[in-house]
Amino acid sequence: MNLNQLYYFKELAKERQFSKAAKNLYISQPSLSNSIKSLEKELNCQLINRNGGQITLTEY
């Protein structure tokens, strides 16, 4: 885990959309998605529910 992953997660939680969060972070959407998946794998829990373009946070 690194600070960028936490920063990315914070922005994603705020925007609730990968595309908007990626744009605000000046990174590509696939890079953001991979970073979040990696964070979830390291923490061994699902942090977000992916519902098409929108996301919702899980209890974790």
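1. Which hand does the crossing of H1 and H2 have? In this predicted model, the crossing of H1 and H2 is right-handed. Helix H1 covers residues 3-15 and helix H2 covers residues 18-25, and the two pack with their axes 8 Å apart at an angle of about 130 degrees. Because angles from 65 to 115 degrees count as roughly perpendicular and those over 145 as roughly antiparallel, H1 and H2 are classed as oblique to each other.

2. The contact between these two helices brings Tyr7, Tyr8, Glu11, Leu12 and Glu15 of H1 against Phe18, Lys20, Ala21, Asn24 and Leu25 of H2. By class, the residues of the contact of H1 with H2 comprise 6 nonpolar, 1 polar and 3 charged.

3. The pairing of H1 with H3 has an angle of about 110 degrees, and the axes lie 10 Å apart. H1 is therefore roughly perpendicular to H3, and the crossing of H1 and H3 is left-handed. On the H1 side the contact is made by Gln5, Leu6, Tyr8, Phe9 and Leu12, while H3 contributes Leu32, Ser35, Ile36, Ser38, Leu39 and Glu42. The residues of the contact of H1 with H3 fall into 7 nonpolar, 3 polar and 1 charged.

4. For H2 and H3, the axes are 8 Å apart and the packing angle is about 105 degrees, and H2 and H3 are therefore roughly perpendicular to each other. In this contact Phe18, Ser19, Ala21, Ala22 and Leu25 of H2 meet Gln29, Leu32, Ser33 and Ile36 of H3. The contact of H2 with H3 has 6 nonpolar and 3 polar residues, and no charged ones.

5. Which residues of the largest nonpolar core touch the most other members? This core has 13 residues, and those that touch the most other members are Leu12, Phe18, Leu32, Ile36 and Ile48. H1, H2 and helix H3 (29-43) are the elements that give two or more residues to this core, and H2 gives the most, with 4 residues. As background, nonpolar side chains tend to be buried together in soluble globular proteins.

6. If residues up to four places away in sequence are not counted, Ile48 touches Phe9, Leu12, Phe18, Ile36, Glu40, Ile55, Thr56, Leu57 and Thr58.

7. Leaving aside residues up to four places away in sequence, Gln5 touches Ser35, Ser38, Leu39 and Glu42. Leu6, also placed in helix H1, has a relative accessible area of 39% and is therefore partly exposed. With the sequence neighbours up to four places away again not counted, Leu6 touches Met1 and Leu39. Between Leu6 and Ile36 there are 30 residues of separation in sequence and 8.7 Å in space, C-alpha to C-alpha.

8. Arg16, in the loop between H1 and H2, has a positive phi near 65 degrees, although Arg16 is a residue other than glycine. At 34% relative accessibility, Arg16 counts as partly exposed. Tyr26, found in the loop between H2 and H3, is not a glycine either, and its phi is positive at about 60 degrees. The relative accessible area of Tyr26 is 77%, so Tyr26 is exposed.

9. Where does Cys45 lie? Cys45 is placed in the loop between H3 and strand S1 (48-51). Not counting residues up to four places away in sequence, Cys45 touches Glu40 and Tyr60. Cys45 and Thr56 are 11 residues apart along the chain, and their C-alpha atoms are separated by 14 Å.

Definitions and conventions. Residues numbered from 1 in each chain as written. Predicted model: local features only at pLDDT ≥ 70, side-chain atom pairs only at ≥ 80, totals over all residues. Heavy atoms only, no water. Axes fitted to C-alpha atoms, helices over the stretch in contact; angles between N-to-C directions. Parallel < 35°, antiparallel > 145°, perpendicular 65-115°, else oblique. Left-handed = near helix turned anticlockwise from the far one by under 90°. Contact = heavy atoms within 4.5 Å. Nonpolar A, V, L, I, M, F, W, Y, C, P; charged D, E, K, R; others polar. Core = buried A, V, L, I, M, F, W, Y, C linked by side-chain atoms within 4.5 Å. Buried < 20%, exposed > 50% of the residue type's maximum accessible area, 1.4 Å probe, protein only.
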